[in-house]
Amino acid sequence: MTPNLLDVENVDKIFTRGGIISRRVNHAVNDVSFSLTADKPEVFTIIGESGSGKTTLAGMILNSLAPTSGRILFQGKDLRDVRSRRDRLEFMSHVQAVFQNPFDAFNPLKRVDRYLFSAAQNFTECRTTDEVEERVDDSLRKVGLSLAEVRGRYPHEMSGGQLQRVAIARALVPNPSLIVADEPVSMIDASLRMTVINLFKKLRDELGVSIIYITHDLATAYYISDRLIIMQKGRVVEGGDARTVLAAPQHPYSIKLRQAVLSVDGAWRDDPLTEAAPVVAS
Amino acid sequence: MSALKIFRDLFSHNGEFAIGLVLLLVVLAVAACSFFSPYPPMDVYVVPPDVPPSWEHPLGTTSRGQDVFWQLTFAIRNTLLFGIVVAILSRIISLFIGLISGYKGGWIDRVLMSINDTFVVIPLFPILVLFYFIMRDQMSWALLAVITALLGWAYDARLIRSIAMSLRTREFTRQAVFSGMSTGKIVLQEHLPFVLPIVFSTTMNNINWSIGIEVTLSVLGFTDINTPTIGGMIYWANQHAALVSGIWWWVTFPVVLVIMLFIGLFLLAISMNEYIDPRSRLSRLGGQA
Amino acid sequence: MITQLRPMPPSLEMRAPQTAPLLEVDRLKAYYKTQLFGVDREVRAVDDINLKVNRNEIYGLAGESSSGKSSLIKTVAGAIRPPLRVVEGSVRFNFKDGERDIYKLSPQELSAIRWSHLSYIMQGSMSVLNPVRRIKHAFVDFALPHVNAKGADFTNLVERHLKRVHLDPAVLQAYPHELSGGMRQRVTIALATVCGPEFIIADEPTTALDVIVQKGVLLMLREIQQELKSSVLFVTHDMAVHANLTDRLGIMYAGRLVEEGRTRDLFKRPLHPYTAHLISSLPRIGDEAPKKGLEGSPPSLANPPPGCRFHPRCPLAVDICRREAPPMMEILPGHRAACHVAQADPTRVETVG
């Protein structure tokens with residue numbers, strides 16, 4: 001039986017701040033477990049607001065952070081065993097990342113194609129310039145762009161939507177099996193957002209890439225997710241098939257989240273402000 | 001956005017830049033004249049001594065029989081050279097330490113910064129004097145430059161480190177990592193361009209600092225005072241009690257010229273700083289209306 | 001053929017302007033002119049904007065990045081600095097105690113109307129609250145000069161106001177970092193409204209906030225508006241917020257106003273293709289139909305396309321759109337749009353995905 005693509009097993013992450021006398025403990029991720037199968041690519045969504053631990057969890061899956069306890073297995077291998085530069089490169093050729101702010105994901109002083117070329121040189125067997133360019137052009141075409149359009153451009157010359165697509169193309173260069181996208185469209189204009197979201201669908205359906213999509217936006221989550229989990233303060237409060245959970249959430253926090261989503265189809269019912277005098281400390 | 005247009009605009013709108021540039025150009029012109037000097041720099045008693053400023057000797061002559069103007073051209077050239085060499089050497093050290101420390105963090109950072117802080121609190125001057133006394137005969141300008149550079153990198157290393165630390169968490173750094181770039185490549189190609197503008201402006205301050213060191217040491221006679229430098233000229237003037245005997249031109253002109261250099265570099269440094277920061281650049285634009 | 005519209009619901013009718021509009025923006029143009037340091041550029045951030053905001057009304061301004069809405073807001077609030085300058089036009093408020101033309105006031109007159117007549121709620125609440133002083137000092141610094149009460153009276157006034165907006169008066173003793181982001185934004189709103197301003201400008205007040213917190217902040221804003229009967233100019237790119245909060249809505253694209261009307265009309269029957277796309281491309285929970293993004297990208301304001309600025313991305317563009325910029329015209333009662341196609345046939349837009 002082939003091992004799962006990704007196994008997250010009882011993962012915790014605890015941050016401690018302060019010295020010997022006063023310490024503050026932040027239990028950022030608390031006992032989270034889920035698995036992604038290798039048989040069928042899927043879009044797995046992690047929904048959470050700020051402070052929910054979703055970004056920390058993403059960092060651990062990408063092997064940028066180590067879990068305090070629990071373990072993460074990629075294709076059956078524990079991430080803790082990925083140490084040397086060669087292991088890391090090997091890992092990154094299967095697992096890639098797309099970041100939130102496309103304008104910050106590219107060095108404003110440098111051209112955008114340098115990351116594409118670097119990825120081609122480091123993760124593939126391409127050696128000559130022609131091979132590298134062909135690989136890069138190939139990746140760019142998958143996202144609806146081409147090397148001719150992108151070559152020599154600086155980040156400020158392109159729109160948020162285009163930049164994010166270049167970032168996705170860069171992530172696709174090594175032909176990964178898993179892409180972790182942390183709030184990939186929250187900083188993109190509404191008119192360009194759906195192009196990128198539809199691209200994720202295409203990655204799953206046509207290119208066989210599984211995607212972990214991290215967001216706080218329930219509407220886009222509904223649109224493309226297969227399964228999802230909802231996180232609050234480090235814990236998973238609810239999970240399951242995406243449509244089922246979002247249409248009829250069970251956990252009180254999920255319900256609150258669902259009710260807070262503003263619908264375009266008309267004014268909400270007048271909720272009396274039910275909060276009692278709010279507590280001062282956060 | 002061509003560099004020439006930027007210079008022209010800086011010149012016409014930024015008074016500090018204009019004045020600083022003019023002062024620096026004057027000093028450089030004087031230094032350039034040294035290549036045309038009719039008298040070899042180290043020779044003494046080549047002209048009548050103690051002659052006040054006149055047509056033949058526009059800045060007068062010294063008690064050692066040297067023309068003050070031509071001596072000054074060599075002096076400012078050597079002093080400037082010393083300052084620039086020290087500045088470049090110490091920039092390289094501070095860049096290396098600052099970037100590595102900022103990017104790597106962890107124990108490397110702690111160790112390097114402890115070393116850094118040690119160098120910050122070392123009393124420079126007594127150490128330099130100590131070196132002089134230990135190595136009196138082997139003390140050459142090159143050696144002095146190296147030692148001064150080794151003592152002058154500490155402040156800027158911390159500055160560079162803080163920039164490197166903020167760059168480490170930027171998303172393009174993470175994207176570079178995920179593109180497979182090695183640490184060295186990231187630090188040199190991605191981060192260095194951000195750090196260079198600050199380094200450039202601190203270089204000018206560093207030149208000022210090292211010239212100050214040189215002048216101080218030379219005035220007290222702790223360097224090879226046969227090579228003409230600004231401090232050296234003042235040393236010899238003191239040796240011959242120039243001020244007391246009324247040979248004011250021997251002291252005044254070197255001092256004036258080095259002050260011009262200081263002020264020129266300082267003004268350039270602050271105006272470059274203001275240009276580099278987009279907000280202050282913008283406010284200067286707005287202030288034109 | 002234009003189908004008959006349903007008559008206005010009574011609540012909206014009561015708010016129909018009986019008196020002059022509270023805010024009149026007339027042919028406003030504000031450009032960034034940069035001609036220094038090798039850069040020679042004119043960015044037309046606000047290009048010929050005409051709009052009116054009535055009393056007791058929440059007017060929403062929608063648009064994406066580089067639509068010019070942030071520049072417009074700053075211009076309306078009188079908070080612009082060179083290189084952004086007003087080139088033409090005027091911004092006039094008709095307060096209860098007289099008319100004010102913002103760009104004809106002296107700095108003292110301008111600061112006199114701030115907080116008492118005109119309030120500005122900004123996006124990052126922290127920039128208003130001094131991190132090293134307690135919240136109550138912020139009230140003293142900003143509100144006390146405009147209020148005729150001193151000492152204990154003032155404190156009572158502030159506490160009453162806080163209770164009215166469901167904030168615990170204990171918040172006054174706290175430092176900003178002790179409060180969550182949502183709480184800070186609510187405190188900022190309380191601060192901006194304690195003097196009972198007639199006009200409130202809110203610039204993306206909930207953009208950086210979580211969904212649950214956002215709901216609280218929006219409810220608070222709506223309550224304050226209903227109590228003070230002030231007018232609110234609310235800027236955000238989030239169309240769902242507009243649908244639930246605003247009475248009238250203006251859509252900005254590339255420095256121009258392209259559509260404006262009652263919010264319900266805009267959402268039910270958008271006239272401009274851009275509006276139609278913005279609304280139809282929003283994913284909704286429960287809706288599995290495929291959505292599309294717009295091709296191309298928002299134009300550069302330094303070099304906008306000729307004619308209608310939307311024409312390169314518009315599925316309905318025809319020849320005249322490339323040559324002539326369409327004027328903003330009333331096509332249906334109370335519903336304006338700047339589109340050649342809509343002006344010829346308002347039903348064409350319904351074909352846009």
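Ala254(C) is placed in the loop between β9 (248–253) and β10 of chain C, where helices (H or I, at least four residues) and strands (E, at least two) are DSSP runs numbered from the N terminus. Ala254(C) has a positive phi of about 50 degrees although it is not a glycine. Most residues other than glycine have a negative phi. Ala254(C) is buried, because 23 other C-beta atoms lie within 10 Å; a residue counts as buried with 20 or more other C-beta atoms within 10 Å of its own, as exposed with 12 or fewer, and as partly exposed in between, the C-beta atoms being placed from the backbone.

The model is a predicted one, in which local features need pLDDT of at least 70 and side-chain atom pairs count only at pLDDT 80 or more, while totals for chains, interfaces and linings use all residues. Residues are numbered from 1 along each chain as its sequence is written, and chains are lettered from A and ligands numbered from 1 in the order in which they are written.

The model scores ipTM 0.83 and pTM 0.80. For chain A the average pLDDT, the predictor's confidence in each residue from 0 to 100, is 86, and 93% of the residues score at least 70. For chain C the mean is 84, with 92% of its residues reaching 70 or more. In chain A, pLDDT stays under 50 over residues 268–282, for which the model has 21 contacts beyond four places in sequence; two residues are in contact if their C-beta atoms, placed from the backbone, lie within 7 Å. In chain C, pLDDT stays under 50 over residues 1–17, and the model has 11 contacts beyond four places in sequence for this stretch.

Chain A contains 10 helices and 10 strands. The C-alpha trace of chain A spans about 65 × 50 × 45 Å along its principal axes. Of the 282 residues in chain A, 43% are buried. Among the contacts in chain A with a separation of 6 or more, 69% are between residues 24 or more positions apart.

Asn10(A), in strand β1 (residues 6–18) of chain A, has a phi near 50 degrees, a positive value in a residue other than glycine. Asn10(A) is exposed, because 12 other C-beta atoms lie within 10 Å. Arg243(A) belongs to helix α9 (residues 242–247) of chain A and is partly exposed, with 16 other C-beta atoms within 10 Å. The C-alpha atoms of Arg243(A) and Tyr222(A) are 6.2 Å apart in space, with the two residues 21 residues apart in sequence.

Chain C has an open sheet of 8 strands with mixed pairing, in the order β6-β7-β8-β3-β9-β10-β12-β11; two strands pair if DSSP finds at least two bridges between them. β6 (118–121) and β11 (329–332) of chain C stand at the edges with a single partner strand each, so one side of each is left without a neighbour in the sheet. Neighbouring strands of this sheet are turned against each other by 20 degrees on average, direction ignored. Within the sheet, β10 (residues 256–262) and β12 (residues 335–337) of chain C pair in the antiparallel sense over 2 bridges, and Glu260(C) stands opposite Arg336(C) in β12(C). Helix α6 (residues 181–193) of chain C lies across β6 and β7 (199–203) of chain C and runs at about 170 degrees to β6(C); axes are lines fitted to C-alpha atoms, for helices over the stretch in contact, and angles run from 0 to 180 degrees between N-to-C directions.

Strands β4 (residues 84–95) and β5 (residues 98–101) of chain C run antiparallel and are joined by 4 bridges. The hairpin between β4(C) and β5(C) passes through 2 residues, and Phe93(C) stands opposite Arg100(C) in β5(C).

Between chains C and A, 40 residues of chain C are in contact with 38 residues of chain A. On the side of chain C that touches chain A, α7 (211–228), α8 (239–245) and α10 (273–280) of chain C each supply at least two residues. The residues of this side divide into 21 nonpolar, 11 polar and 8 charged, where Ala, Val, Leu, Ile, Met, Phe, Trp, Tyr, Cys and Pro count as nonpolar, Asp, Glu, Lys and Arg as charged, and the others, Gly among them, as polar.
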